[in-house]
Every structure is written in C-alpha cells, then in structure tokens.
Amino acid sequence: MPGIVNEAGVQEDNILFVSFFYNLRERGIPVTPTSFLRLQRALCMGLIHSLKDFYVVARAILVKSERYFDVYDQVFAHHFEGVELPDLEDVELSEMAKLLLEEWLKNPAAVAAALDVDEKDLSKLTPEELEKYFLDRLKEQTEAHHGGNKWIGTGGTSPVGHSGYHPGGMRVGGISRNKSATKVALDRRYRDYSQEGPLTQSQIGEALKRLRRMIPSGPMDVVNVQKTIYETMRNAGEIEIIFDRRLADRLKVILMIDNGGWSMDPYIPLVQTLFDYTRNQFKDLKTYFFHNTIYDMVWSDTARYHKPELVTDFIKKDPETRIIIVGDASMAPYELMSEGGSIYFGEKKRSPSIENLRFLAQTFRHCVWLNPHSRRAWESTWTADIIRKVFPMFELTLDGLDGAVSHLMSRN
Amino acid sequence: MVQNNFNRFRGASRYVLDDELAKIVNVSIALEMPLLLKGEPGTGKTMLAYAIAENLDMPLIVLNVKSSMKLVDALYQYDTLTRLNDSRFGDSSKDVSNIEEYIKMGKIGQAFVADTRKVLLIDEIDKADTDFQDDMLDVLDQMEFDIIEIDKTISAKHRPVIIITSNAKKDLSDPFLGRCNFHHIAFPGEDTMRMIIGVHFPDLGRETTDACIKTFYALRKLEGIEKKPATRELINWIRALKADPDFKLSLLDRGDVPYPGVLYKKSSDLKVATKAIARHR
C-alpha cells in the first residue's frame, strides 16, 4: 500500500481511516480521538509500510484491551477487505449453538432433557447437522418468546450459562508470518478473550485488593523522621531516634452467605471462590450463613445448626466493620415482610426479616449485598427490589465487585 | 533519529519474537510511548524487556512494583537519617548543609539522569493501586519530576524506552491506557514454541522436542486447572528432563509425565493433573 506512506496519500486515505475509526467506536471499542491522532502521526512518520503493518500498529495504538481484539479483527476485515460484518444476534446464536453441541458431547441426556427431545433422535445426527439443529431451535426460541423456557434464558440451571463461559478453553493462534492482514484478522484469534469467563480467585483478588485499612501494628521498626528531629532537638542535639509501628491492613470484615435453597446452588462454586479468597486475605474475617434472608439468628456453621448468633448482638461489634452479604435476594414476599415469616418451623420470630436487615444497615455504615443473579433479574424480583433499598446491591461479577469495594471504602 | 531507531529491534539471542510484536516495539520506540504488555504469566513479558535492552544495546533498569510502593519511592529518596547523623558527628565527607547530597535516585530517577538512553522495565504495574499508576504515567509523560526537598526539577536527559507489564485480567484505568501502546501476548502456538525451545536448547533432538511439545499442549488442555503451565514451566520442565539420567523418551509416549511439580505450581492443580495423567497411562 504505497498510498499510505506519501503525504498526498495520507489526505486521500483519511476518509477511509476516519470511517474505520467510527466503525470501531460503533462496535463498542472505546477508541479515543487522541489515540487516533497518534495513529496519524505514526502514518506520517512513515512507520507503516503495508496493510499488515497498519493492522498491527493501529491495534497497538487504538485498542487497549485484549477483550476488544476480536471485534477489532472483525471490523478490520470488514473495512479493508469488505468482509460482511455479521449480524450481532446471529453470531451470538451460532456461538450458543456451538456451546450446546459441546455440552451435548459431554452429557447428551441433560441436553436432550432440557430441549425436551428424545436423545436417540438427536444421536443419529452428525455434529454439523446437530449444530444446525440447535441453531434452528435457538432461533425459534428467540422469535417465539423471551424468557419463557429456561434453557436459553438467563436464569436458573440452564445447561448453557448466560455468562458465556467457553468450556472449550483457549484457542491457539498460529504464527502469522506469511499471512495477509485480513487473513490474520479473519482468523479471529482473539475470540476467546472477548468472552467473560467465570470469576477466578485471582480476579476476585484483584477486585478486592483495594479493600484494606492500614493501621499501625507489628514491631516498631519504622523511623518517624518528624518525631526523631523533634526529640533530637529537645535532647540538645543528641540523636534520639523514634520508631513507629509499620502500617498493616487490619480491616474487619463480616461475610454473610446465603447457603440454603436450590436457587443458590448454581452459584456455589462462585461463592466458594469468593469465600476462599476472603478467608485467606482478611485476618479479621467472620463468616455467617443464613437461608434466603436474615431473621433473628445467623449461624457460623454451614449446617446452620450448631453455632447460632443473635443478630441483635451485632451491635457490640466494631461499627467500622465491613459487611458483605452474598445472596440472590429472591424469596417469597412473606419471608421478608411478615412477622414469623421464617420458612423453618419452630423458629420463633419477633420481628419481620426486613427489620433485621435495616438494623444491620443502620449499625454498620459500610455494607453491601452481592447478588449472583444479573442486574436485570433483580429488577423483576420483588424481594430483591425491596432489599436493594436497604443495602446497595452489586452483581457478583468483576465490575460488580469493583463497585462494591468502592462503596465499602468510601468515607461516608 | 527516528530512522535510526526504527527497525533496530529484531529479537535477541534468547527471545523468539514474532513479527507483530517486533513492529509494535519499534513503533512504540519511534512514537516515544510506553508499551503496555499483558498476557498469561510465563509468556515472556518480562523477558521481552531484557531482549530489547540486549538488542538495542542499552542498559536495563528494572522497577519491580510492590503493592505498598509510593510513587516517590520510584523517583528518589531523601536520606534524612544519614544527614541527621552527619550533622551530629560531622565526620562525613558530605556537605551537611547541602540537601542534594542526601538525595538518592530511585529507579525512574536513575533512568532520567543517566547519561545514556536506558530501557526502563516497570514490572507488574497491576500490583500497585490506581493512583500510583496514574501519577507515574504523568511523570513518564512529562519526562520530569520535582524533588520538593531541594526545589529542583529533574528532567530526563534521554527519554528511556519504557516497557510496562501487567498480569491483571482487569483493565487498567482509562487515563493510563490512553498514554500507552498496548499489546497482548497470546500463548504461543506449537510452531512458535518449537522455535522457542530451539533457542533455549539448541542441542535438543527433534524427536524429544516433538514429544515434549505434544505432552505439554495435551496437559494445557486439562480441565479444572487454575494456573495452566506456560512457556516458563515448559522450559524448566525440559531442563529437569535433561538433567535426569534415567529419563527416556518412551516414558512420554506411554503417557507418563515425570516431574509434574515443575509444570503445576498450585497443589490443587497438581492433584487434578496427577489424577488425569494416571488415567491416561
């Protein structure tokens, strides 16, 4: 592409590049004008000699996260080689069909049951036919009604989680020595990076890293310069070194986990990861368990039997303690609102659960509710909507955790 | 100047570089922008900085970021205690009334005041908090910082080549990203990996290489592993195999994997892997 290099060429090609830029923006890549100008500078400096160069350099300058590399590849191929941009919905559906196929290979019975078809009928089909069949079924589903049948919906125990977790693992792109840029772009080597995987412990660690409160503790081994000078002067110039304790993290955290009921079952691994991380991370961590919502008692054993603790006793705890409640916040309205609403027989109740929740929210300034369901789901759940008014509620995702941490560490 | 620097970087003796990455490194040097590298641990992010330094024949300065680090630690240190001591006993060769003699440069400071151009590697930036990251980019953008104790501005004599690495899955802040070029090092494919092994073990036979690569990529496909073995682990593993006089290639063909502990660093991963290996045998 000699046109790119000479000055006049830059003028002509500008329109092409500008529309490329806007195309990237439209597809949701946060490209900034500054970075676009920087790309122009690279062009003017004669750093780019071929379309392949342009592909690589533009990506390094414009795109700042591997999550967008796949979209970039698609836009690039579309823009410079006229490859048609796929309809977004179709892409999602075909991805979903592939996932279903993989799921089928692992566990045919479960998929057949979810689809409500006979396993034997499907097993006669070749993988390609199966994929086609799944795709057709998925199209039917989206056209017919949204959110009715569980298996493609976002809730419940569908065989294909809505999180887009790709069980196939990372694809490996080959080396690109002899390929044209569009070929490389068409390979879509970064497809797997563009999907959000499940939260891993290290990701939770990243999100919760800011959750700390530094106070002096441990041996006195840090020199306090100000005080040393002051004391030395008081001592008529004879050096008097003053030591302080090192700052260490002493944040108190209470984690309350809803561990009862089938509705939380799909999230057990997720909550377990969160729990493992926090247990390792925070020196002063107490964990309690409850079912659906908090009544007069919470338990520090998972069976919710041996070690009950009165919620009203929480008033004795440090009000600076950070409270993190994990639960789906969905239950029957009476469980939350009525006196004696507990679904457990024999649990004597004095006040409705919502009062206990309000009590916690008033006692501790810093509390959040983490909900493994997606935000959309809680808007349509009556009880979740009520609880949201008491506790700030966040999704149990990377972004949600980030928001929760910001809230927990805010000053008021 | 640009022409001189450009295309100078072509890979180093111990580092296998793909075309894409070489281009990005060269453009970043020419545009005088820091290059942010992300990628699975063990894919050679840190090694790249060493390779650039070796190739461009510039000294390398490494700033290992720690979570408790403050920006000023990376810039300079004012050694108050020594000064206090000197002022009390007066037996030092330094001039106590001159604070400047008690200022020590941190890693970024060293790169700025050096008489030659340096490669500055800022390793694992994600360990520090966002304020540190943003403030640091300000300094690297302006190429100068103030030493408040002596009211002096230190400007870079030569703009260092800046490489920043991050292990984080989460993105860094927008202002930070806005000032960097970005590259994600994808996990190398089998062909690239063969070259990497060739660079590290030139005398390793083709058969052994193939068998190791085959076993290694099969192991990476195991499910339920939190930290998959990466290039670094593979190289260490081959080193272990070579050091073992009893090792025979037929072991790998049979599906046996000696020294799984070299490949898997987490005890839970090791357990899962050992089980899977036993099943395949």
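Residues are numbered from 1 along each chain as its sequence is written, and chains are lettered from A and ligands numbered from 1 in the order in which they are written. Because the model is predicted, local features need pLDDT of at least 70 and side-chain atom pairs count only at pLDDT 80 or more, while totals for chains, interfaces and linings use all residues.

**Chains**

Chain A contains 17 helices and 9 strands, and chain B contains 14 helices and 9 strands. These elements are DSSP runs numbered from the N terminus, with helices (H or I) of at least four residues and strands (E) of at least two. Of the 412 residues in chain A, 28% are buried; for the 281 residues of chain B the share is 32%. A residue is buried if 20 or more other C-beta atoms lie within 10 Å of its own, exposed if 12 or fewer, and partly exposed in between, with C-beta atoms placed from the backbone.

Two residues are in contact if their C-beta atoms, placed from the backbone, lie within 7 Å. Among contacts with a separation of 6 or more, residues 24 or more positions apart account for 66% in chain A and for 76% in chain B.

**Nonpolar cores**

A nonpolar core is a set of buried Ala, Val, Leu, Ile, Met, Phe, Trp, Tyr and Cys residues joined through C-beta atoms within 7 Å. In soluble globular proteins, nonpolar side chains tend to be buried together. The largest core here has 71 residues, and those with the most contacts inside it are A:Ala42, A:Val57, B:Leu35, B:Ile52, B:Leu120, B:Ile163 and B:Ile164. Helix α3 of chain A (residues 51–62) supplies the largest share of this core, 8 residues. A second, separate core has 42 residues, including A:Ile257, A:Ile294, A:Ile324 and A:Trp369.

Beyond its neighbours within four places in sequence, A:Ala42 contacts A:Leu47, A:Ile48, A:Val57 and A:Ile61, together with B:Val27 and B:Leu31 of chain B.

**Helix packing**

Two packed helices are described by the angle between their axes and the distance between the axes. Axes are lines fitted to C-alpha atoms, for helices over the stretch in contact, and angles run from 0 to 180 degrees between N-to-C directions. Two pairs are listed below.

| Helix pair | Axis distance | Angle |
|---|---|---|
| α3(A) and α2(B) | within 9 Å | roughly 60° |
| α9(B) and α10(B) | 11 Å | about 130° |

Angles under 35 degrees count as roughly parallel, over 145 as roughly antiparallel, 65 to 115 as roughly perpendicular and the rest as oblique. Helices α3(A) and α2(B) are therefore oblique to each other, and α9(B) and α10(B) are oblique as well. A crossing is right-handed if the near helix is turned clockwise from the far one by less than a right angle, and left-handed if anticlockwise. The crossing of α3(A) and α2(B) is right-handed, as is that of α9(B) and α10(B).

Helix α2 of chain B spans residues 19–31. Its contact with α3(A) involves A:Asp53, A:Val56, A:Val57 and A:Ala60 on one side and B:Glu20, B:Lys23, B:Ile24 and B:Val27 on the other. By class, these residues are 5 nonpolar, no polar and 3 charged. Here Ala, Val, Leu, Ile, Met, Phe, Trp, Tyr, Cys and Pro count as nonpolar, Asp, Glu, Lys and Arg as charged, and the others, Gly among them, as polar.

Within chain B, α9 covers residues 190–200 and α10 covers residues 206–220. B:Glu190, B:Met193, B:Arg194 and B:Ile197 of α9(B) meet B:Thr209, B:Ile213 and B:Tyr217 of α10(B). That contact has 4 nonpolar, 1 polar and 2 charged residues.

**Selected residues**

Most residues other than glycine have a negative phi. B:Glu32 has a positive phi, near 60°, and is in the loop between α2 and β1 (35–39) of chain B. With 13 C-beta neighbours inside 10 Å, B:Glu32 is partly exposed. B:Tyr259 also has a positive phi, near 50°, and lies in the loop between α12 (249–253) and α13 (260–263) of chain B. B:Tyr259 is partly exposed, with 14 other C-beta atoms within 10 Å.

B:Val96 sits in the loop between α5 (80–89) and β4 (103–105) of chain B. This residue is partly exposed, with 16 C-beta neighbours inside 10 Å. Not counting residues up to four places away in sequence, B:Val96 touches B:Arg83, B:Asp86 and B:Ser87.
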